[in-house]
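Please look through the structure shown here with its aromatic rings in mind, and then follow the text from those rings to the strands, the nonpolar cores and the sulfur atoms.

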Amino acid sequence: MAKIVAFVLLCGVVSAAMVALVAASKQFAVGGNRGWQEPSGNDTGFYSRWAAKHTFQIGDTLYFHYTNDSVLLVDKRGYYHCNTTDPIATFNDGETVITLDRSGLLYFISSFIDHCKKGQRLVVDVLTPRLQNTPPQPSSPSPSPVPSSAVSNSVSTRAMVILTAVVASSLHGLISLH
């Protein structure tokens, strides 16, 4: 009977942890209602201003909505020089969702060089979420850009890590009751 009660409690804890993780992440529609498109006129700072209004954390997602264009994940040099020849990752489905799975700067540009030069490019600074009562860590240089294989669903990954830890801990507790 004690094992059944422990198992039911374990399921409740795991469910609550997964709900909390999913609820904590946010999805950002890049460019707001405007979406991902070449800025009009001389508004080259449109996406920089958009990004400055938001705080991005690990687990959040960027939603790029576009037509007749694409999104390139590039390194810092590719961003500043609008270099489309060697992207880290290319997205061209018109409805791209990218999970922010590490802290640091991520660089995005349009695949059209003239669009990029007119301001269709975005830098996102992803912060590491801090637990309460955890002092801030000294800053360090940003790690190199993520490879395309690393653009993943970190919410699911974090949920699985927590689930594994909770299950392992609970099983250890159940075994030691004998």
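The structure holds eight aromatic pairs, where rings of Phe, Tyr and Trp (its six-membered ring) pair if their centres lie within 6.5 Å, and where planes under 30 degrees apart count as stacked, over 60 as edge-to-face and the rest as tilted. This is a predicted model, in which local features need pLDDT of at least 70 and side-chain atom pairs count only at pLDDT 80 or more, while totals for chains, interfaces and linings use all residues. Residues are numbered from 1 along each chain as its sequence is written, and side-chain values use heavy atoms, with hydrogens and water left out.

Phe-28 lies in strand β1 and Phe-56 in strand β2 (residues 56-57), so the pair ties together parts that are 28 residues apart in sequence; helices (H or I, at least four residues) and strands (E, at least two) are DSSP runs, numbered from the N terminus. Phe-28 is buried, with a relative accessible area of 9%, and Phe-56 is buried as well, with a value of 2%, where buried means under 20% relative accessible area, exposed over 50% and partly exposed in between (1.4 Å probe, protein chains only). Phe-56 also forms an aromatic pair with Trp-50, a tilted one with 5.8 Å centre to centre and 45° between the planes, and Trp-50 is itself buried at a relative accessible area of 8%. Elsewhere, ring pairs link Trp-36, Phe-46, Tyr-47, Phe-64 and Phe-108 into a cluster.

An open sheet of three strands has the order β1-β3-β6, with mixed pairing, and two strands are taken to pair if DSSP finds at least two bridges between them. Its edge strands are β1 (27-29) and β6 (95-99), each of which pairs on one side only. Neighbouring strands of this sheet are turned by 20° against each other on average, direction ignored; the axes are lines fitted to C-alpha atoms, for helices over the stretch in contact, and angles run from 0 to 180 degrees between N-to-C directions. β1 and β3 run parallel and are joined by three bridges, with Gln-27 having Thr-61 as its bridge partner in β3. β3 and β6, by contrast, pair in the antiparallel sense over five bridges; Tyr-63 has its bridge partner Val-97 in β6, and Leu-62 stands opposite Ile-98 in that strand.

Leu-62 also belongs to the largest nonpolar core, which has 22 residues, and those with the most contacts inside it are Leu-62, Phe-64, Phe-108 and Leu-122; such a core is a set of buried Ala, Val, Leu, Ile, Met, Phe, Trp, Tyr and Cys residues joined through side-chain atoms within 4.5 Å. The elements that give two or more residues to this core are α2 (46-52), β3 (61-65), β4 (71-74), β5, β7 (104-110) and β8 (121-127), and α2 gives the most, with four residues. Apart from this core lies another, of seven residues, among them Leu-72, Val-74, Cys-82 and Ile-109. Phe-108, not counting residues up to four places away in sequence, touches residues including Trp-36, Leu-62, Phe-64, Ile-98 and Leu-122, where contact means heavy atoms within 4.5 Å.

Cys-82 lies in the loop between α3 (76-80) and β5 (89-91) and Cys-116 in helix α4 (residues 113-117), so the pair ties together parts that are 34 residues apart in sequence. The torsion about the S-S bond is about -80°, so the disulfide is left-handed, and both Cys-82 and Cys-116 are buried.

Ser-111 lies in the loop between β7 and α4 and is partly exposed, with a relative accessible area of 24%. Leaving aside its neighbours within four places in sequence, Ser-111 is in contact with Asp-69, Ser-70, Leu-72 and Thr-84.

Notes:
Disulfide = S-S within 2.5 Å.
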